[in-house]
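Thanks for passing this one along.

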Amino acid sequence: MEIIEMLYKLLPLVQGFIYPNEIELHWGLLIVLYPYITGLVAGAFILASLARVFNVSEVKPTYRLSLLTALAFLLVATLPLLAHLGHPERAFEIFFTPKLDSAMAMFGFVYAWYLMAVLLLEIWFDYRADFVMWSKTERGLKKWFYKILTLGVNNISAGALELDEKIGRAITVIGIPSAFLLHGYVGFIFGSVKANPWWSTPLMPIIFLMSAMVSGIAAVMLIYMVTQWLRRKIIDMKCLDTIGLYLFNIFVIDFSLEMLDLIHRIYEAEESFDIISLMMRSNLFWTQFVGQILVGTLVPISLLGISFFFSAKPGARKKLYFISSILTLLGIFAMRWNVVVGGQLFSKSFLGFTTYKLNLIGAEAYIAAAIAVLPLFILAALLYLLPPWEEENR
Amino acid sequence: MSKPISDYEHIKRLLIIIVMVVAGFIAARTMFVPKDFGEYGHYRGGSLEENMSRPLNYAGSGACADCHENKHTLWSKSKHKTVNCQTCHGALLKHTEDPTSIKPRKPAGRDFCLLCHGKNVSKPTHFPQIDPGSHNPDLNCADCHNPHEPKPPAGDG
């Protein structure tokens with residue numbers, strides 16, 4: 001009965017008629033963060049594969065940086081889920097007793113495959129010659145760290161390196177569909193919830209994938225600019241322009257797909273559409289129309305467009321890229337928010353709404369903030385241990 | 001072009017590590033998967049026993065009729081017959097075991113009734129609902145309505 005009396009306090013959060021199990025919104029900020037982080041991983045990896053597989057030589061300066069960025073974010077990608085579910089000690093059960101017909105339960109294997117079979121191996125093959133070199137030139141703990149990573153093989157003969165190159169290339173080729181799988185999978189999870197009209201669309205995996213590429217490319221672009229600035233090195237404008245152009249192109253495709261989805265919903269006007277359009281005009285107005293579409297998409301696309309079409313000077317282009325990459329990252333975060341939270345705001349009765357009140361001094365916000373910042377520290381450590389900078393290595 | 005064998009040495013060692021990881025996983029699996037896993041389905045068979053041994057809170061739906069026959073008869077013919085006794089009175093197993101010292105709760109005031117009967121444009125119009133601001137705001141619902149046999153009080157149409 002005390003439980004029922006708790007409803008008195010919760011009812012002001014509710015508008016209209018909703019079912020009791022919809023009052024509390026279960027997938028909160030942490031679940032928003034999860035597809036966001038995974039998207040950054042997939043996007044950064046795809047940028048790396050541009051250099052490796054598609055031979056876009058202009059983006060070569062960011063090849064290793066992209067791989068390390070992908071690794072730094074991939075290492076924390078599961079943390080929002082573990083924090084959300086509680087009981088992190090049970091995490092291994094999805095590996096030990098795999099449930100093959102559950103997409104959610106197979107995530108562990110998708111993740112493990114991507115981390116261990118793709119990313120770690122690719123980085124290892126790419127850095128192996130450097131490990132051998134650093135194990136000879138460095139001292140102390142670092143020397144041993146590199147020594148262990150060489151697996152005790154110091155052979156960097158032309159034949160061995162050629163083999164590394166071939167295998168690394170093969171792994172990248174396998175890695176591209178794997179990156180698509182990793183993020184397409186996240187969209188698939190949402191897209192396959194058939195009871196939820198806001199999520200259930202076969203376009204969802206594709207939209208997630210495109211937005212993942214957008215956010216990952218924007219993240220590497222920003223990290224490249226910031227690290228070059230911190231190291232007082234010159235930014236390779238050819239590289240930055242190429243990344244900017246890819247960002248622009250993929251962003252346009254991503255935005256078109258999202259708008260296609262929206263227009264399709266408006267035109268089809270299924271029975272759920274009344275509540276969805278009401279939600280877009282009220283609860284999601286600021287995060288979707290303003291945050292995602294205007295500030296997070298149209299402004300950065302326009303800024304990128306301006307820098308190309310008006311052939312802005314390098315200094316101006318850098319500023320435009322800098323601003324548009326930050327806005328892009330915010331916009332994609334808003335997109336994840338609108339998908340995850342939006343899908344739970346309206347009732348399956350299509351007659352009411354609940355409210356998501358993020359307690360800014362609650363545990364969820366602290367944990368989410370910590371998880372969002374952690375990859376930057378991991379990346380800093382990786383950059384220290386595995387310097388990706390071209391001018392110093394080659 | 002054939003390569004000297006030593007060029008493959010690091011690959012060999014890497015493969016050994018991969019085999020060790022996979023073997024370690026298989027070994028861990030045999031250790032950590034409970035013996036009764038999959039006995040009935042994709043879960044531990046023993047978890048059924050564990051759940052059955054958890055303390056009960058709710059009495060069976062017929063339990064109330066044993067002592068409260070009048071109320072039960074009234075209720076079972078009323079419009080509230082789909083609302084279980086324990087929906088309003090709370091979990092009652094302990095009360096059935098010790099009826100004198102453990103008393104069920106009686107929802108007082110208006111808030112509880114309004115959970116269902118507060119006016120809401122989203123509800124079907126045939127569902128009885130009132131605007132708490134204008135509908136006798138100073139009275140308790142039970143002053144006029146018997147929750148076991150809810151109907152408009154006599155003379156109220």
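**Notes on the predicted two-chain model**

1. Let me start where the chains meet. In this predicted model, 20 residues of chain B are in contact with 19 residues of chain A. On the chain B side, the elements that give two or more residues are α1 (9–32) and α6 (111–117). The most comes from α1(B), with six residues. By residue class, the side of chain B that touches chain A divides into six nonpolar, six polar and eight charged.

2. A word on confidence before going further. The model scores ipTM 0.86 and pTM 0.90. For chain B the average pLDDT is 89, and 95% of the residues score at least 70.

3. What does UniProt place at residues 12–32 of chain B? The unreviewed entry gives a "transmembrane region" there, and the annotation may be inferred rather than shown by experiment. In the model, residues 12–32 of chain B are 100% helix and 0% strand.

4. Now chain B as a whole. Its secondary structure comes to seven helices and zero strands, and from the N terminus on the elements run α-α-α-α-α-α-α. Chain B is more spread out than a compact globule, because its radius of gyration is 32 Å, well over the 15 Å that the globule rule gives for 157 residues. Along the principal axes, the C-alpha atoms of chain B fill a box of roughly 105 × 40 × 25 Å. Buried residues make up 6% of the 157 residues in chain B. Of the contacts in chain B with a separation of 6 or more, residues 24 or more positions apart account for 44%.

5. Chain A next. It has 15 helices and two strands. The C-alpha atoms of chain A fill a box of roughly 70 × 55 × 35 Å, taken along the principal axes. Of the 394 residues of chain A, 40% count as buried. Among contacts in chain A between residues at least 6 apart in sequence, 79% join residues at least 24 apart.

6. The largest nonpolar core deserves a look. It holds 98 residues, and A:V41, A:A70, A:I217 and A:L247 touch the most other members. Helix α2 (residues 29–52) of chain A gives the most to this core, with 18 residues.

7. Is A:L284 buried or exposed? A:L284 counts as buried because it has 23 C-beta neighbours inside 10 Å, where 20 or more are needed. Its place is in the loop between α11 (273–281) and α12 (285–309) of chain A. Leaving aside neighbours within four places in sequence, A:L284 is in contact with A:M279, A:N338 and A:G342. From A:L284 to A:L74 the separation is 210 residues in sequence and 29 Å in space, C-alpha to C-alpha.

8. Phi of A:R232 is near 55°, a positive value in a residue other than glycine. A:R232 lies in the loop between α9 (204–230) and α10 (237–268) of chain A. With 6 C-beta neighbours inside 10 Å, A:R232 counts as exposed. A:A269 also is not a glycine, yet has a positive phi of about 40°. The place of A:A269 is in the loop between α10 and α11 of chain A. A:A269 counts as exposed because it has 11 C-beta neighbours inside 10 Å, and the cut-off is 12 or fewer.

Conventions. Residues are numbered from 1 along each chain as its sequence is written. Chains are lettered from A and ligands numbered from 1 in the order in which they are written. This is a predicted model: local features need pLDDT of at least 70, side-chain atom pairs count only at pLDDT 80 or more; totals for chains, interfaces and linings use all residues. Two residues are in contact if their C-beta atoms, placed from the backbone, lie within 7 Å. Helices (H or I, at least four residues) and strands (E, at least two) are DSSP runs, numbered from the N terminus. Ala, Val, Leu, Ile, Met, Phe, Trp, Tyr, Cys and Pro count as nonpolar, Asp, Glu, Lys and Arg as charged, and the others, Gly among them, as polar. A nonpolar core is a set of buried Ala, Val, Leu, Ile, Met, Phe, Trp, Tyr and Cys residues joined through C-beta atoms within 7 Å. pLDDT is the predictor's confidence in each residue, from 0 to 100. The radius of gyration is taken over C-alpha atoms; the globule rule is 2.2 Å times the number of residues to the power 0.38.
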